Amino acid sequence: MALFYMHGVPVGYVAILLALVASMGGFIFGYDTGQISDILLMDDFLVRFATCSTPGVASTCHFSTARAGLIVSLLSIGTLVGALLGAPIADFLGRRYAMVVECILFIIGVIIQITATNAWQQFGMGRWVSGLGVGALSAAVPMYQAETAPARLRGTLTATYQLFITFGILVAYCISIGTRHMPGAGSWRTVVGIGFIWPFILMCGIIFMPESPRWLASHGRPKEARHSLARSHGIPRDQENSDPFLNAKVEEVSTSIEHERRICAGWIDCFRPKHKTLYRTLLVMIVSACMFILGFSTTWAPGIWILTACNLVGAVIVFFFLYESSDLSLESVDLMYNDPKCRPWTSRQWAPPGYRSRYDLAQQNKAAGANKVVGPSGADESRIEKVDYGDANGIGTSATSTAFSSEDEH
């Protein structure tokens with residue numbers, strides 16, 4: 001059964017769990033990022049891996065800029081490589097099993113780190129291997145959450161990934177404060193070793209979550225895709241084949257998958273203007289850069305001016321370039337970006353073909369969630385028509401859409 005309804009859209013408890021469980025990938029990222037600053041200052045770590053004028057005396061040991069920089073940055077280098085490989089791995093193995101493999105890779109990196117004795121290169125390579133896992137997770141987790149979460153909660157649930165990153169940094173700082181004065185290698189090995197816990201939680205939890213319905217549909221498993229959608233929306237199994245709301249969602253996903261198969265796009269297509277793909281890529285890159293500069297600027301005094309500038313630039317970019325996607329499925333978002341009549345500042349009023357407004361869409365979803373398609377003027381299930389998606393993006397496909405003719409008025 002649905003846990004609650006949001007604007008008429010049923011939301012199951014699984015949708016909440018998948019956000020919390022999958023976001024452990026962000027926690028892993030934050031924890032591994034936050035621990036190194038304290039570890040570099042711990043006495044035993046300095047004695048083992050730094051350059052000492054008096055061997056065994058921590059006060060005479062220090063890291064050169066190059067060595068400290070490499071130890072810190074190897075995680076980010078591994079993250080870059082992992083992020084580039086994350087999407088292909090998730091496409092090949094499936095979102096859930098890709099996350100399991102990436103957690104195992106992170107654990108291998110942790111093992112390499114805690115078994116290092118005197119070679120800083122080994123510790124650094126351990127961070128690089130862990131970075132591969134973290135980077136791949138940073139691609140797989142938001143992808144999985146966006147594809148599986150109900151449309152109304154997609155933004156909220158996906159944002160938990162970023163929240164868990166900051167939470168992981170906080171926990172790493174707290175644990176490091178508690179272990180920094182421990183004698184011997186336990187001071188830093190405890191911090192690194194606790195990193196085993198977080199991927200184990202993610203591996204065990206994600207196995208019980210539904211697979212991405214889009215991935216299942218794209219691999220010729222429509223029944224499992226339907227069941228996955230039903231679980232995330234809290235629709236009972238005995239109603240999976242008859243629920244109007246679920247039928248519309250399954251049809252929408254299937255139509256989108258067929259369109260993607262005809263396109264056969266690759267990485268290079270992210271930088272092509274067709275279907276506003278380059279526009280979206282640049283938008284994400286610019287917004288991400290602004291957010292990174294904003295975060296960095298808070299660590300030094302003149303940063304208040306950069307903070308103000310980033311906020312102003314971000315507000316301008318959001319208003320003039322970012323489309324409002326609330327209440328829309330991923331397939332409808334793609335249609336909206338490709339609609340030549342839709343502008344970012346008017347996108348809140350845009351609705352998919354066959355709907356007069358987003359309010360109409362919400363009402364349809366609410367009625368479908370109650371197993372009866374009812375329109376604002378009392379229409380019923382017989383008022384279902386085929387909508388030509390070629391009007392919005394020029395691909396000429398059609399999908400079943402719960403819609404009402406123009407003669408109906410509010």
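Contact here means heavy atoms within 4.5 Å.

**Ground rules.** I'm looking at a predicted model, where local features need pLDDT of at least 70 and side-chain atom pairs count only at pLDDT 80 or more, while totals for chains, interfaces and linings use all residues. Residues are numbered from 1 along each chain as its sequence is written, and side-chain values use heavy atoms, with hydrogens and water left out.

**Thr79.** I looked up Thr79 and found it in helix 4 (residues 65-93); helices are DSSP runs of H or I, at least four residues, numbered from the N terminus. Is Thr79 buried or exposed? It counts as buried because its relative accessibility is 11% (buried is under 20% relative accessible area, exposed over 50%, partly exposed in between, with a 1.4 Å probe and protein chains only). Skipping neighbours within four places in sequence, I get Phe29, Gly131, Leu132, Val134 and Gly135 as the contacts of Thr79.

**Helix 1 and helix 6.** Next I checked helix 1 (residues 13-22) against helix 6 (residues 120-148): their axes come within 10 Å and cross at roughly 175°. Axes are lines fitted to C-alpha atoms, for helices over the stretch in contact, and angles run from 0 to 180 degrees between N-to-C directions. So I noted the two helices as roughly antiparallel (that label takes angles over 145 degrees). Helix 1 brings Leu18, Ala19 and Ala22 to the contact, and helix 6 brings Val141, Tyr144, Gln145 and Thr148.

**Whole protein.** I count 17 helices and six strands (strands are E runs of at least two). Of the 410 residues, 47% are buried.

Terms used:
Angles under 35 degrees count as roughly parallel, over 145 as roughly antiparallel, 65 to 115 as roughly perpendicular and the rest as oblique.
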